[in-house]
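The exercises below are meant for someone meeting this structure for the first time. Each one sets a task and then works through the solution step by step.

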Amino acid sequence: MLKPLFAYFTDIHGNLDALQAVIDDATRIGISRFISGGDMIGIGPFTNEVLERLCNLPSIMMVTGNHDESILALKYGLPHPKSHRHAKQHHQWIADQLTDTYAHILSTLPRELIVEEDGFRFLFTHYPFKEGKKESPIVEDPFMPIISEPDSLAMKELFKGSLTYDFIGFGHHHILHDYKINQTYLVNPGALGCNKVAEARYAIIYITDEKDLKIEFKSVAYDQTNLFKAYRELEIPDGPFLMRAFHS
């Protein structure tokens with residue numbers, strides 16, 4: 001018998017229809033608790049709509065990602081990271097759409113979330129931080145560079161300071177990661193809102209009768225019609241490129 005704990009997803013990137021598909025799928029099988037690993041906004045067109053949907057869930061915990069924080073920097077007149085200069089015009093457009101209410105909610109979210117349940121310790125973060133940079137502003141690029149070709153050894157080194165946890169949920173890199181280093185599960189289900197096929201990805205975390213964790217990776221088909229229509233009708237900066245690069 002499996003006891004479901006929560007649904008974990010990351011990198012929604014303003015894709016409302018993909019998010020709704022995941023919520024519907026998880027709810028259908030009895031999941032009511034959700035955790036988001038950051039980058040709720042940026043890239044996709046549905047900024048406030050995604051945040052509204054998340055905030056209306058019966059139970060939601062979130063951490064911030066690099067896109068969230070870069071957009072907030074522009075919203076509040078703070079320096080934007082040079083590493084994201086290629087996305088600055090797009091980030092400014094998102095910041096201009098972002099309401100004060102949801103900007104405030106985003107600004108209060110942590111970069112790390114620790115959850116303890118049924119004797120297990122969970123860590124959620126968008127990606128590991130450079131040494132001494134966990135509290136640094138986004139303009140200083142606090143997140144480690146993405147490991148473009150991950151493997152067990154690279155993941156062990158990347159998370160070497162956090163392997164006392166039973167489970168680490170992360171995102172940032174849009175591909176699926178599924179590793180176990182000693183007793184620690186390292187899980188990135190792949191970006192929920194950015195995928196080369198019209199499927200939204202997430203993971204369900206269970207506890208087994210043997211008091212171990214089980215992770216089920218899921219992909220849920222959804223209709224991209226509204227997504228592409230919004231890209232075109234709203235004339236989102238870099239819209240044609242974003243549709244090609246991040247969607248089917």
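**Exercise 1: the surroundings of Lys75**

Leaving aside neighbours within four places in sequence, Lys75 is in contact with Ala95, Leu98, Thr99, Asp100 and Ala103, where contact means heavy atoms within 4.5 Å. The model is a predicted one, in which local features need pLDDT of at least 70 and side-chain atom pairs count only at pLDDT 80 or more, while totals for chains, interfaces and linings use all residues. Residues are numbered from 1 along each chain as its sequence is written, and side-chain values use heavy atoms, with hydrogens and water left out.

Task: state in which helix Lys75 is found, and which residue its side chain joins in a polar contact.

Solution. Begin with the place in the chain: Lys75 is found in helix H3, helices being DSSP runs of H or I with at least four residues and strands being runs of E with at least two, numbered from the N terminus. Next comes accessibility, where buried means under 20% relative accessible area, exposed over 50% and partly exposed in between, with a 1.4 Å probe and protein chains only. Lys75 counts as partly exposed because its relative accessibility is 24%. Finally, the side chains of Lys75 and Asp100 are joined by a polar contact of 3.2 Å; such a contact is a pair of N or O atoms within 3.5 Å, and within protein one must be able to donate a hydrogen and the other to accept it, with residues adjacent in sequence counting only if both atoms are side-chain atoms.

**Exercise 2: the nonpolar cores**

Task: find how many residues the largest nonpolar core has, and which of them have the most contacts inside it.

Solution. A nonpolar core is a set of buried Ala, Val, Leu, Ile, Met, Phe, Trp, Tyr and Cys residues joined through side-chain atoms within 4.5 Å. The largest such core has 47 residues, and Phe9, Met40, Leu54 and Leu98 are those with the most contacts inside it. Helix H1 (residues 16–28) gives the most to this core, contributing 6 residues. A second, separate core has 18 residues, among them Tyr8, Phe120, Ala203 and Leu213. To see the setting of Phe9, set aside residues up to four places away in sequence; its contacts then include Leu19, Val22, Leu54, Pro189 and Tyr202.

**Exercise 3: strand E8 and its partners**

Task: work out which strands pair with E8, and in which sense, parallel or antiparallel.

Solution. Two strands pair if DSSP finds at least two bridges between them. Strand E6 (residues 167–169) pairs with E8 in the parallel sense over 3 bridges, and Ile168 has Leu186 as its bridge partner in E8. Strand E7 (residues 177–181) runs antiparallel to E8 and is joined to it by 5 bridges, with Tyr185 in E8 as the bridge partner of Lys180. The hairpin of E7 and E8 has 2 residues between the strands, and there Asn182 takes a positive phi near 55°. As for burial, 5 of the 5 residues of E8 (residues 184–188) are buried: Thr184, Leu186 and Asn188 point one way, and Tyr185 and Val187 point the other way.

**Exercise 4: the cysteines**

Solution. In accessibility, Cys55 counts as partly exposed at 30%, whereas Cys194 is buried at 4%.
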